[in-house]
Structure formats: structure tokens, C-alpha cells
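Welcome! Please have a look at the structure first.

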Amino acid sequence: MYVPSKMSFTSTVTALAVYSILWLSLQTLQVHTISQEQLEKTAKTFRQVCQPKHKISDAVADDVNRGVFADTKDFKCYVSCLLDIMQVARKGKVNYEKSLKQIDTMLPENMKPAFRAGLDACKSAALGVKDHCDAAAILLQCFYKNNPMFVFP
């Protein structure tokens with residue numbers, strides 16, 4: 001019988017607490033449109049959850065907003081983690097209706113058309129890709145290409 005160590009139990013409880021806080025934050029944010037600054041702060045919080053899990057440096061993560069995408073499994077799984085937390089995708093499959101609702105309820109008016117266009121262009125970009133990390137990387141590149149206001153944590 002496997003008995004988890006005290007450290008793994010503590011880590012699990014910490015992770016659950018972080019996810020719970022993020023989930024509650026999302027529920028609060030979904031009621032109101034958020035500013036660009038709030039969007040960036042929320043994105044950084046998501047990044048702080050996924051980045052250590054996948055050992056991604058700040059430089060590699062920052063490169064995404066310049067159109068540079070690392071071709072490593074860790075990076076692709078980092079992207080999958082972020083898309084899952086943001087509820088844009090789940091295991092590499094786009095949550096189209098949920099994403100559309102988030103765009104309509106959360107984003108400032110000036111960002112909505114670009115994000116809708118990106119979502120529409122990319123909703124089926126990774127169909128048939130079995131590995132969720134590979135699928136997430138394909139979605140990320142599609143969103144970058146099709147959303148002129150692209151922002152990623």
C-alpha cells in the first residue's frame with residue numbers, strides 16, 4: 001500500500017489551495033469586464049502555477065508574445081497547463097462555448113473582436129492530434145497567428 005509522504009501531502013494541499021483561489025478569482029472575474037491590467041495580473045498568476053511544474057524559464061515564456069515557440073515537450077505541456085487553467089482548452093481540445101462566453105463577459109470591448117476571430121480561426125486547428133501537449137502548442141501558434149491582440153502569460 002502506498003502511503004504519501006508528508007511533503008507530497010503538503011504539496012498536494014498547497015496546489016489545491018492555489019487552484020481553488022484561481023477558480024474563485026475566475027468566477028468573480030466572469031461577472032465583470034476586466035481591464036487590460038487586471039487581465040495581465042491574472043495571466044501572471046496562471047503562469048506562476050504552470051511555469052514551475054514544467055520548468056520553463058521566464059525567457060522562454062516571454063518569447064511567446066514575440067512569436068517564438070520552444071519546440072520541447074516541457075514547453076508544450078506548459079502551454080497545455082495554461083490553456084486548461086484559463087479554460088480555453090481541456091487536454092488540447094478547445095472549449096469553444098466557454099471561451100466565447102469568457103471573451104464576451106471578461107474582455108474589454110476593444111479586445112473582443114480580435115479574440116473572437118482568433119477563437120473562430122483556431123477552434124479546430126488541433127483536431128485529431130492525440131497528444132494534448134502537442135495539440136496545445138498547435139492551438140497557441142494558431143491563436144498567435146490569428147489574433148492581432150494576442151496576449152499570453
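A salt bridge here is a side-chain nitrogen of Lys or Arg within 4 Å of a carboxyl oxygen of Asp or Glu. The pair connects distant parts of the chain, 58 residues apart: Asp-131 lies in the loop between α6 (112-122) and α7, while Lys-73 belongs to helix α4 (residues 73-85). Helices (H or I, at least four residues) are DSSP runs, numbered from the N terminus.

How accessible are the two partners? Asp-131 is partly exposed, at 27% relative accessible area, and Lys-73 also counts as partly exposed, at 44%. The terms follow relative accessible area: buried is under 20%, exposed is over 50%, and partly exposed is in between, with a 1.4 Å probe and protein chains only.

## Helix α5 to helix α6

Another link between distant parts of the chain joins Asp-104 in helix α5 (residues 96-106) to Arg-116 in helix α6, twelve residues apart. Their closest N and O atoms are 2.6 Å apart, forming a salt bridge. Asp-104 is partly exposed, with 34% relative accessible area, and Arg-116 is partly exposed at 29%.

## An exposed and a buried partner

Asp-71 and Lys-76 form a salt bridge as well, and their closest N and O atoms are 3.1 Å apart. Which of these two is buried, and which exposed? Asp-71 is exposed, with a relative accessible area of 64%, whereas Lys-76 is buried at 18%.

There is also a network of salt bridges, which links Arg-47, Asp-58 and Asp-62. In total, the count comes to nine salt bridges.

The chain averages a pLDDT of 81, and 78% of the residues score at least 70; pLDDT is the predictor's confidence in each residue, from 0 to 100. Where pLDDT is low, the predicted coordinates should not be read in detail.

## Notes on the values

Residues are numbered from 1 along each chain as its sequence is written, and side-chain values use heavy atoms, leaving out hydrogens and water. Because the model is predicted, local features need pLDDT of at least 70 and side-chain atom pairs count only at pLDDT 80 or more, while totals for chains, interfaces and linings use all residues.

Notes. Helices (H or I, at least four residues) and strands (E, at least two) are DSSP runs, numbered from the N terminus.
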